Amino acid sequence: MSKTKTIFCCGCQRDVEARLTSGRETYSHRRDLHELPFWKCDGCGNFVGCHHKTKNRTRPLGVIPTPGIKAMRSEIHCVIDPIWKSGRVGRRELYGMIAHLIGVNEYHTADIRTVEQAREVKRVAKELGATI
Ligand SMILES: [Zn+2]
């Protein structure tokens with residue numbers, strides 16, 4: 001029997017029983033990723049990677065994103081990362097500001113559940129980038 005874990009799936013918009021698999025299945029053309037763990041939703045086929053460099057190497061990075069949300073996340077990093085890398089504000093502090101502006105206790109890009117949420121974060125991050 002394969003190992004499963006309850007994770008929120010953005011494609012299904014609910015908690016699903018994700019199945020533990022490897023890059024051999026999720027990235028068959030990327031040999032370099034074949035040994036890495038992934039949690040896959042068999043309902044919609046989307047999957048999430050893991051904190052594989054840590055002690056708990058199958059701990060999911062966040063929710064299971066759709067390709068659209070995955071793309072939005074990298075756009076968000078393109079806006080957010082230069083702000084804290086500039087040194088004008090610390091990374092923690094910046095994430096705290098974003099959390100406050102979108103009305104959550106803690107903000108993690110890997111926890112974004114919808115394209116709408118991603119758009120809001122991107123808008124807020126752009127504003128912060130222009131003002132701090
Ligand atoms: Zn799903």
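This is a predicted model: local features need pLDDT of at least 70, side-chain atom pairs count only at pLDDT 80 or more; totals for chains, interfaces and linings use all residues.
The protein chain has four helices and four strands. This briefing starts with the helices, then turns to the sheet and the overall layout.

**Helices H2 and H4**

- Two packed helices are described by the angle between their axes and the distance between the axes.
- Helix H2 spans residues 67-85, and helix H4 spans residues 115-131.
- Their axes come within 9 Å and cross at roughly 15°.
- Why are H2 and H4 called roughly parallel to each other? Angles under 35 degrees count as roughly parallel, so the crossing of H2 and H4 at roughly 15° qualifies.
- H2 passes H4 in a left-handed crossing.
- On the H2 side, the contact is made by Gly68, Ile69, Met72, Arg73, Glu75, Ile76, Val79, Ile80 and Ile83.
- On the H4 side, it is made by Val115, Ala118, Val121, Lys122, Ala125, Lys126, Leu128 and Gly129.
- The residues of this contact between H2 and H4 split into eleven nonpolar, two polar and four charged.

**The sheet as a whole**

- Strands of a sheet pair through backbone hydrogen bonds, either parallel or antiparallel.
- Here, four strands form an open sheet.
- Which order do the strands take in the sheet? They run S1-S2-S3-S4, and the pairing is antiparallel.
- S1 (4-9) and S4 (47-49) are the edge strands. Each of these edge strands pairs on one side only.
- Neighbouring strands of the sheet are turned by 40° against each other on average, direction ignored.

**Strands S1 and S2**

- S2 is made of residues 14-22.
- Six bridges join S1 to S2, and the two strands run antiparallel.
- Thr4 has Arg19 in S2 as its bridge partner.
- For Thr6, the bridge partner in S2 is Glu17.
- Phe8 stands opposite Asp15 in S2.
- S1 and S2 form a hairpin, with four residues between them.
- Gln13, in the turn of that hairpin, has a positive phi of about 55°.

- S3 is made of residues 37-40.
- How many bridges pair S2 with S3? There are four, in the antiparallel sense.
- Arg19 stands opposite Lys40 in S3.
- Lys40 also has a bridge partner in S4, namely Phe47.
- Three bridges pair S3 with S4, again in the antiparallel sense.
- S3 and S4 form a hairpin with six residues between them.
- Gly45, in the turn of the S3 and S4 hairpin, has a positive phi of about 90°.

**Overall layout**

- From the N terminus on, the elements of the protein chain run β-β-α-β-β-α-α-α.
- Which domains does the domain assignment give? It gives domain 1 (4-49) and domain 2 (67-131).
- The centres of domain 1 and domain 2, taken over C-alpha atoms, are separated by 24 Å.
- The C-alpha trace of the protein chain spans about 50 × 30 × 25 Å along its principal axes.

Note on methods
Residues are numbered from 1 along each chain as its sequence is written. Two strands pair if DSSP finds at least two bridges between them. Axes are lines fitted to C-alpha atoms, for helices over the stretch in contact, and angles run from 0 to 180 degrees between N-to-C directions. Domain bounds come from an automatic or database domain assignment. Angles under 35 degrees count as roughly parallel, over 145 as roughly antiparallel, 65 to 115 as roughly perpendicular and the rest as oblique. A crossing is left-handed if the near helix is turned anticlockwise from the far one by less than a right angle, and right-handed if clockwise. Two residues are in contact if their C-beta atoms, placed from the backbone, lie within 7 Å. Ala, Val, Leu, Ile, Met, Phe, Trp, Tyr, Cys and Pro count as nonpolar, Asp, Glu, Lys and Arg as charged, and the others, Gly among them, as polar.
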